[in-house]
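Hi,

Here is the structure I promised to pass on.

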Amino acid sequence: QVQLVESGGGLVQAGGSLRLSCAASGRTAGSFSSYPMGWFRQAPGKEREFVCAITWSGGRTYYPDSVKGRFTISRDRAKNTVYLQTNSLKPEDTAVYYCAADRAGEYKVVFRTDYHDYDYWGQGTQVTVSS
């Protein structure tokens, strides 16, 4: 079982930046390094929204237009940690941010944008952007 713990959220003014982290722990945390990873977010009253994804090796990333050029996903496989650097934040970026692991995508070069396709989730970290 892989446990994911997000951190780094907070309150920031529009135009500011935050760096979110997602650390894997647990008896099988090492398996985390072979899974594609994704970040999602959910604002009150809205569906969970895909933010970005990274392949298991970290060699490729994928972003929707809403965050492209502002957000960067990366991973340190040795530390079992995935990061989300968020820049030029806007009030509409306000949400709870979740990281997720795609167990079925192990060692595959895939980008899944549907949250139903992810197997492990963290508890989320709140990002609030004030105008």
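To start you off: which residue in β8 is the bridge partner of Arg19? It's Gln85. Keep in mind that this is a predicted model.

That pair belongs to a bigger picture. Strand β3 (residues 18-25) runs antiparallel to strand β8 (residues 81-86), and six bridges join them. Both strands sit in an open sheet of four, in the order β1-β3-β8-β7, with antiparallel pairing. β1 (3-7) and β7 (71-76) are at the edges with a single partner strand each, so one side of each has no neighbour in the sheet. On average, neighbouring strands here are turned by 15 degrees against each other, ignoring direction.

Now β7. This strand pairs with β8, again antiparallel and over six bridges, and Ile73 stands opposite Leu84 there. Four residues lie between the strands in the β7 and β8 hairpin, where Asn80 has a positive phi near 55 degrees.

Then the cysteines. There is one disulfide: Cys22 and Cys99, with sulfur atoms 2.0 Å apart. The link is right-handed, with 60 degrees about the S-S bond. It connects distant parts of the chain, as Cys22 is in β3 and Cys99 is in β9 (residues 95-101), 77 residues apart. What about Cys52, and how far away is the nearest cysteine sulfur? Cys52 is in no disulfide, and that nearest sulfur, from Cys99, is 11 Å away. Cys52 is at 0% relative accessibility, so it counts as buried.

Cheers

Methods
Residues numbered from 1 in each chain as written. Predicted model: local features only at pLDDT ≥ 70, side-chain atom pairs only at ≥ 80, totals over all residues. Heavy atoms only, no water. Pairing = 2+ DSSP bridges. Helix = DSSP H or I, 4+ residues; strand = E, 2+ residues; numbered from the N terminus. Axes fitted to C-alpha atoms, helices over the stretch in contact; angles between N-to-C directions. Disulfide = S-S within 2.5 Å. Buried < 20%, exposed > 50% of the residue type's maximum accessible area, 1.4 Å probe, protein only.
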